[in-house]
Amino acid sequence: MAKNATKKTKKQQSGGTPATVALTSAGTPFTLHAYDHDPASPSYGEEAAEALGVSPERVFKTLVADVDGALTVAVVPVAGQLDLKALASAVGGKRATMADPAAAERTTGYVRGGISPLGQRKRLPTVLDSSAAAHETICVSAGRRGLEVELSPTDLATLTSATLAPIGRA
């Protein structure tokens with residue numbers, strides 16, 4: 001079920017996630033997609049793609065990594081994996097590892113499986129996989145499990161000050 005969030009009133013916005021509030025405040029067009037999340041699902045992203053009937057190449061997962069001691073956000077297609085060396089290189093670092101899940105949740109303000117690149121508690125350096133540019137719109141978490149936001153990759157990159165780089169691999 002999709003809703004065009006640009007038509008929400010201010011009262012309705014207050015009930016949104018930090019991601020949808022940030023999008024609405026910026027005046028960025030987006031479509032909200034909700035689905036019933038299955039807690040037993042082994043992959044949040046693949047579950048979202050299937051539930052929404054969207055190609056996994058257009059659904060992007062938000063991962064938090066530690067690059068030389070600094071938390072960094074990586075946004076890659078759910079159809080692939082994050083290339084940690086490529087991420088480190090994209091931000092001028094030497095070494096990247098996946099961040100501690102508790103640190104990622106505490107820093108972003110979101111729970112694992114619902115981390116959005118938008119509306120995070122602390123703005124982190126963000127890298128968007130360059131494959132996103134091949135699509136008119138992509139889907140990313142809207143800030144909770146079972147809720148995705150569809151928007152243009154250009155708008156996502158602008159709002160997060162993201163660098164576009166080839167950080168995903170099949």
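**Notebook: contacts, sheet and helices**

I started with contacts (heavy atoms within 4.5 Å): among those in the chain between residues at least 6 apart in sequence, 62% join residues at least 24 apart. This is a predicted model, so I kept to its rules: local features need pLDDT of at least 70, side-chain atom pairs count only at pLDDT 80 or more, and totals for chains, interfaces and linings use all residues. Residues are numbered from 1 along each chain as its sequence is written, and side-chain values use heavy atoms, without hydrogens and water.

Next I looked up the inventory: the chain has 6 helices and 11 strands, taken as DSSP runs (helices H or I, at least four residues; strands E, at least two) numbered from the N terminus.

Then the sheet. I find 5 strands in an open, mixed sheet, ordered β6-β3-β4-β7-β10, where pairing takes at least two DSSP bridges between two strands. β6 (96–98) and β10 (163–165) are at the edges with a single partner strand each, so one side of each has no neighbour in the sheet. I also checked β7 (residues 126–129): it pairs with β10 in the parallel sense over 3 bridges, and Val127 has Thr163 in β10 as its bridge partner.

On to helices. α6 (residues 153–160) lies across β4 (70–77), β7 and β10, at about 165° to β7; axes are lines fitted to C-alpha atoms, for helices over the stretch in contact, with angles from 0 to 180 degrees between N-to-C directions.

In α3 (residues 44–52) I noted Gly45, Glu47, Ala48 and Ala49 as buried (under 20% relative accessible area, 1.4 Å probe, protein chains only). Their cover includes β9 (147–151). Gly53 follows α3 with a positive phi, near 70°.

Terms used. Buried means under 20% relative accessible area, exposed over 50%, partly exposed in between (1.4 Å probe, protein chains only).
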